[in-house]
Amino acid sequence: MTKTVTLTSLPGAGQIYPKAVSAMLPVIGKPARVSADASLPDTVYRIENLRVDEAQLKEYCRTTGLQFGAQVPLTYLFVLQFPLAMTVMVSPDFPFGAVGAVHLENRIERIRAIGVDEPLTVSTHAENLREHRKGMLVDVVSEFRVGRELVAVQTGTFLKQQRTSLSDAERGPAPKDVAPPPPDRVVSVDLGLIRQYANASGDRNPIHMADLTAKAFGFSRAIAHGMWSAAAVLANVEAQLPESVVYSVRFGKPILLPAKVNMYTDRVADGYDLSILNRRKGYPHLTATTRPRV
């Protein structure tokens with residue numbers, strides 16, 4: 001039976017990240033391998049009457065290029081639910097650790113525009129644990145309501161890297177590095193900007209905060225947040241989005257800081273195809289689509 005835990009306030013980074021780090025420790029931490037039939041916690045974390053902090057939102061918009069106005073920017077929904085998503089993932093019965101999990105895909109379904117002044121009820125849970133050739137995937141789903149009205153659904157798909165029964169499946173040829181076409185826009189990003197984004201978004205994962213801590217997780221340098229990329233490329237078409245829209249993102253290779261990246265915007269019949277490519281080798285850092293919700 002599903003258990004609902006209603007929080008009186010959102011947990012801060014000081015509450016979340018110590019739990020995330022302890023999950024990595026030997027003996028007391030999470031197991032190194034997740035079985036294919038592992039169970040997910042049957043718990044929904046919920047907060048009522050959540051209000052947008054306009055100062056925080058203004059800083060978020062400054063670091064991403066999104067519009068600061070009367071409506072909540074589409075990707076800011078990820079920020080609003082992030083403490084609840086982390087609460088789900090650091091709970092003792094979640095099967096793997098939050099730190100080290102790869103944010104592979106993200107989907108935001110907005111049913112209608114949401115006013116900055118509207119109080120929100122947000123409910124978050126985990127579902128759909130499944131095998132992938134690179135490990136185990138899980139969806140962390142957050143529903144947003146104004147009163148009883150469902151106004152948006154945010155879904156983050158996370159990967160726990162390990163071998164699975166799908167690891168030896170036949171793969172297509174690896175894509176070759178090619179010089180990318182001329183971009184619609186070139187964007188520069190450095191560690192200073194990403195630290196400012198981390199403060200505005202609440203996502204202070206150590207892989208984003210310093211080269212030294214990023215190296216502890218196998219990166220040569222600190223990397224940009226995937227959701228910073230998702231917001232920055234969306235800024236190119238934000239004004240043209242319909243009120244009811246689905247924004248689907250797939251993350252590729254991380255952006256090592258500092259960097260300049262190529263952004264592309266392609267108008268299609270029913271929306272936009274967006275991408276961020278490496279400037280020299282042409283591989284994707286992000287591919288995304290916006291489509292009307294049907």
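The points below go through selected features of this structure, which is a predicted model.

1. Some conventions come first. Residues are numbered from 1 along each chain as its sequence is written, and in this predicted model local features need pLDDT of at least 70, side-chain atom pairs count only at pLDDT 80 or more, and totals for chains, interfaces and linings use all residues. Side-chain values use heavy atoms, with hydrogens and water left out.

2. On the annotated domain, an unreviewed UniProt entry lists residues 192-268 as "domain: MaoC-like"; UniProt positions follow the numbering used here, feature names are shortened, and annotations may be inferred rather than shown by experiment. In the model this span is 36% helix and 22% strand, and its end C-alpha atoms lie 35 Å apart. Helices (H or I, at least four residues) and strands (E, at least two) are DSSP runs, numbered from the N terminus.

3. Helix α7, residues 226-234, is mostly covered, since eight of its nine residues are buried, where buried means under 20% relative accessible area, exposed means over 50%, and partly exposed lies in between (1.4 Å probe, protein chains only). Among these buried residues are Met227, Trp228, Val233 and Leu234.

4. A polar atom of its side chain lies 2.8 Å from the backbone oxygen of Asp203. When neighbours within four places in sequence are set aside, His225 is in contact (heavy atoms within 4.5 Å) with Ile194, Tyr197, Ala198, Asp203 and His208.

5. Rings of Phe, Tyr and Trp (its six-membered ring) pair if their centres lie within 6.5 Å, and planes under 30 degrees apart count as stacked, over 60 as edge-to-face and the rest as tilted. The structure as a whole has four aromatic pairs. The rings of Tyr60 and Tyr76 have centres 4.9 Å apart and planes at 65°, so this pair is edge-to-face, and it links helix α2 (residues 54-64), which holds Tyr60, to helix α3 (residues 76-89), which holds Tyr76. For Tyr60 and Tyr197 the centres are 5.8 Å apart and the planes are at 40°, so this pair is tilted; Tyr197 belongs to helix α4 (residues 191-201), 137 residues from Tyr60. Both Tyr60 and Tyr76 are buried, and Tyr197 is buried as well.

6. How many salt bridges does the structure hold? There are twelve, a salt bridge being a side-chain nitrogen of Lys or Arg within 4 Å of a carboxyl oxygen of Asp or Glu. Glu105 and Arg250 form one of them, at 2.4 Å from N to O, and this pair joins strand β3 (residues 102-110) to strand β8 (residues 245-251) across 145 residues. Glu105 is partly exposed at 31% relative accessibility, and Arg250 is partly exposed at 38%. Arg291 and Asp270 form another, with their closest N and O atoms 3.3 Å apart; Arg291 lies in strand β11 (residues 284-292), whereas Asp270 lies in the loop between β9 (259-268) and β10 (271-278). A network of salt bridges also links Arg107, Glu109 and Arg293.

7. Two charged side chains lie over aromatic rings, which requires NZ of Lys or CZ of Arg within 6 Å of the ring centre and within 35 degrees of the ring normal. Lys253 lies over the face of Tyr283, at 4.4 Å from the ring centre, and Arg267 lies over the face of Tyr272, at 4.8 Å from the ring centre.

How values were computed: Polar contact = N/O pair within 3.5 Å; in protein donor to acceptor, adjacent residues only side chain to side chain.
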